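I opened my notebook for a slow walk through one chain. Come along, and keep the picture beside the page.

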Amino acid sequence: MPQKKFIYIDKYGQLFLTLTQKFNTVYLLDSLCFSLLKKFSKFQFLSNGKVSRIFPVYFKKSPIGFFATSNSTSHFHIFDEKESKISTLNDHSKFTPNFYVNSHFVFTFSKDKKLFAYQRSHFNNSIQLTLLKSFNFEAVPLCVTYIKAMKLLVVGLSDSTLKFFTFSANENHLLTFPY
């Protein structure tokens, strides 16, 4: 398995170590001396599923929760900082979704050839997602990135094509490479 599934360094330099072979445990380590800062182990999923991917969420440089997916369901979960489930999104039919997060959006995508774009917002130190748009593709989306300065969504697909979508208010163009 690739190393990125177990180790994640966030934008503040905090090191998250995910150990989910037997338990749903995520450790927050000091990135300089690797000392334990906090242990998260109360993530609850259906069918005793294990964390397949986790992403810490911050508001004003303080952690307020996590985005997570499980290997047992097709749900996208939102947890608060105490590991209590806030919300579950079930937009993907039967495959565990991958996700891409930036400061304004969350994009979920999976082998069901769908991609969902959510607007991120914070209200009273809680995480809220609003569905903006859904996309259906002919091929499986493999990777997603959003270029904030250009308001451009780029999706790499399994048929070796790239699709570009603009997110500006006045226009919405689609460009596919190769033609």
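**Entry 1: the whole chain**

I began with the surface: the chain exposes about 10500 Å², and carbon and sulfur atoms supply 55% of that area. Accessible areas come from the Shrake-Rupley method with a 1.4 Å probe, and for residues only the protein chains shown count as cover. I noted that this is a predicted model, where local features need pLDDT of at least 70 and side-chain atom pairs count only at pLDDT 80 or more, while totals for chains, interfaces and linings use all residues. Residues are numbered from 1 along each chain as its sequence is written, and side-chain values use heavy atoms, with hydrogens and water left out.

How many helices and strands does the chain have? I found 0 helices and 16 strands. Both kinds of element are DSSP runs numbered from the N terminus (helices are H or I with at least four residues, strands are E with at least two).

Next I looked up burial: 42% of the 179 residues count as buried. Buried means under 20% relative accessible area, exposed means over 50%, and partly exposed lies in between (1.4 Å probe, protein chains only).

I also looked up contacts, meaning heavy atoms within 4.5 Å. Among contacts in the chain with a separation of 6 or more, 30% join residues 24 or more positions apart.

**Entry 2**

I traced an open sheet of 4 strands in the order β1-β2-β3-β4, with antiparallel pairing. Its edge strands are β1 (7–9) and β4 (36–40), each of which pairs on one side only. On average, neighbouring strands of this sheet are turned by 20° against each other, direction ignored. For such angles, axes are lines fitted to C-alpha atoms (for helices over the stretch in contact), and the angles run from 0 to 180 degrees between N-to-C directions.

Two strands pair if DSSP finds at least two bridges between them. I followed β1 to β2 (residues 15–19), an antiparallel pair with 3 bridges. Phe16 in β2 is the bridge partner of Tyr8.

**Entry 3: a covered strand**

Is strand β7 (residues 76–80) mostly covered or mostly open? I found it mostly covered, as 5 of its 5 residues are buried. In a regular strand the side chains alternate between the two faces of the sheet. I checked each side of β7: Phe76, Ile78 and Asp80 lie on one, His77 and Phe79 on the other, and all are buried.

β7 pairs with β6 (residues 62–70) in the antiparallel sense over 5 bridges. These two strands form a hairpin with 5 residues between them. Across the pair, Thr69 stands opposite Phe76.

**Entry 4**

I moved on to β10 (residues 105–109) and β11 (residues 114–123), which pair in the antiparallel sense over 5 bridges. Here Phe109 stands opposite Leu115 in β11. The two strands make a hairpin with 4 residues between them, and Lys113 in the turn has a positive phi of about 70°.

β11 also pairs with β12 (residues 126–136), again antiparallel, over 10 bridges. Gln119 has Thr130 in β12 as its bridge partner.

I stopped at Ile127, which sits in β12. Why does Ile127 count as buried? Ile127 counts as buried because its relative accessibility is 5%. Leaving aside neighbours within four places in sequence, its contacts include Phe67, Ile78 and Ser121. Phe67 is 60 residues away along the chain, yet the C-alpha atoms of Ile127 and Phe67 are separated by 9.5 Å.

**Entry 5: two loop residues**

I looked up Lys151 in the loop between β13 (141–147) and β14 (152–157). Lys151 is not a glycine, although it has a positive phi of about 50°. Its relative accessibility is 43%, so Lys151 counts as partly exposed.

Ser160 lies in the loop between β14 and β15 (162–166). Ser160 has a positive phi of about 65° and is not a glycine either. With a relative accessible area of 64%, Ser160 is exposed.
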